[in-house]
Amino acid sequence: MKKLTCSEFKPGGLYMGRLPYGQDLITSIEDFCQKSSIQMATFSAIGAVSSFTIGAYDQEQQVYVTATETASLEIVTCMGNVSLMDGNPVVHAHIVIGDKQGKLIGGHLFSETIVFAGEISLQALTGKPLERSYDDKTGLSLWNF
Amino acid sequence: MKKLTCSEFKPGGLYMGRLPYGQDLITSIEDFCQKSSIQMATFSAIGAVSSFTIGAYDQEQQVYVTATETASLEIVTCMGNVSLMDGNPVVHAHIVIGDKQGKLIGGHLFSETIVFAGEISLQALTGKPLERSYDDKTGLSLWNF
Amino acid sequence: MKKLTCSEFKPGGLYMGRLPYGQDLITSIEDFCQKSSIQMATFSAIGAVSSFTIGAYDQEQQVYVTATETASLEIVTCMGNVSLMDGNPVVHAHIVIGDKQGKLIGGHLFSETIVFAGEISLQALTGKPLERSYDDKTGLSLWNF
């Protein structure tokens, strides 16, 4: 695939919400989508975490390198989407977190990231949802087109 | 509250605009919302500042630790929302700023952040606006549900 | 201009897509807009790059200071817009990229940033597109109002 390939969607519900204290950031979004019958969405969030797991993809080895830490940090940006994998809504998101000196780290967001507080803006999308499957070239689960 | 709780909104106007040179970033957005009768919105912005005030929340002490500095920096991302507090539209936003070496700092955005140039994308939302009030558990002004 | 000045748009198509492996990030978005007759849009993207070019604006000297590097890094956030310059759709975007230790750098996104993988959410906008022209005060190409 040599060009940007897109599917067009219609806007579904536009949700503004409060991320749940003490709960897993990714799971809370996936559970909301499951119960609201949302299969495709784009979202952003800001807030704070009490612990986090982030990672980056090793493009040579084709594995994620991850780190988990317990720390009170700001969610400076969190941006991602919801689409289908094995028939279920799954989150793919990246996050920037920061400490009291304004120092930032970030990467691919994993579960075992626990919310202290947070606000999400989630645009549900209607139309044929995109599905993830294994991509040979990158080793990642990418959208089929 | 153990789950992600959301309100659903309908899209209002979708505004693309130019942040005002020499003016306060937060106040300029709040003034625009006030005069445009926008009570609820989600937005993002990129650009540059000539000075900034950022902070992070001390989750133990329940106070914001802030820092103000005069410096010419990029607004690498700024992401936030507008909702009601005491009946007025107020901005809650987080920002990532960067210098000429690409070095980044960021956190909760405060006033006394002065725009050099910038572009905003603001999606106004119609429906019952969310209102902030004091939350015992976190010490923050969070949305009521 | 002392206030935030905006144009109001109607939502056009809402596109979710896959950034093309081995291609230029900016050019792939501009080509998509050109062939889809999109003149105005707001977008965000996450993913990974195999090389990048970022910069920051020297507000005194009125020039961009840029750096190009070959490195496998996450696109932690990329946020921007599409509008017209000299009659063509052009991207203005800022990017945060991160390494395997979660260390971040970022700034204004330039061409010669090559996609490894990535996902874009692009909201096309209908209405009179904004056009960029030279702004005396900042030395930047800003939207005319």
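1. Which residue caps the N-terminal end of helix 1 of chain B? The cap is Asp24(B), with a side-chain oxygen 3.2 Å from the backbone nitrogen of Ile26(B). Helices (H or I, at least four residues) and strands (E, at least two) are DSSP runs, numbered from the N terminus.

2. A word on conventions before going further. This is a predicted model, in which local features need pLDDT of at least 70, side-chain atom pairs count only at pLDDT 80 or more, and totals for chains, interfaces and linings use all residues. Residues are numbered from 1 along each chain as its sequence is written, chains are lettered from A and ligands numbered from 1 in the order in which they are written, and side-chain values use heavy atoms, with hydrogens and water left out.

3. After the helix comes Ser37(B), which has a positive phi near 55°.

4. Strand 5 of chain B (residues 104–109) is mostly covered, with 5 of its 6 residues buried. Strand 5 pairs (at least two DSSP bridges) in the antiparallel sense with strand 4 of chain B (residues 88–98) over 5 bridges, where Gly98(B) has Leu104(B) as its bridge partner. These two strands form a hairpin with 5 residues between them, and Gly102(B) in the turn has a positive phi of about 85°.

5. Now to chains A and C. Their contact (heavy atoms within 4.5 Å) takes 44 residues from chain A and 38 residues from chain C. On the chain A side, Leu4(A), Gln59(A) and Met79(A) lose the most area to chain C, together 24% of what that side buries. The buried area (accessible area lost on being put together, 1.4 Å probe, summed over both parts) is about 3400 Å², 68% of it on carbon and sulfur atoms.

6. There are 2 salt bridges between chain A and chain C, counted when a side-chain nitrogen of Lys or Arg is within 4 Å of a carboxyl oxygen of Asp or Glu. One joins Glu119(C) to Arg132(A), with the closest N and O atoms 2.7 Å apart.

7. Strand 1 of chain A also pairs with strand 1 of chain C (residues 5–18), in the antiparallel sense over 5 bridges. Thr5(A) stands opposite Arg18(C).

Note on methods
Polar contact = N/O pair within 3.5 Å; in protein donor to acceptor, adjacent residues only side chain to side chain. Buried area = accessible area lost by both parts, 1.4 Å probe. Buried < 20%, exposed > 50% of the residue type's maximum accessible area, 1.4 Å probe, protein only.
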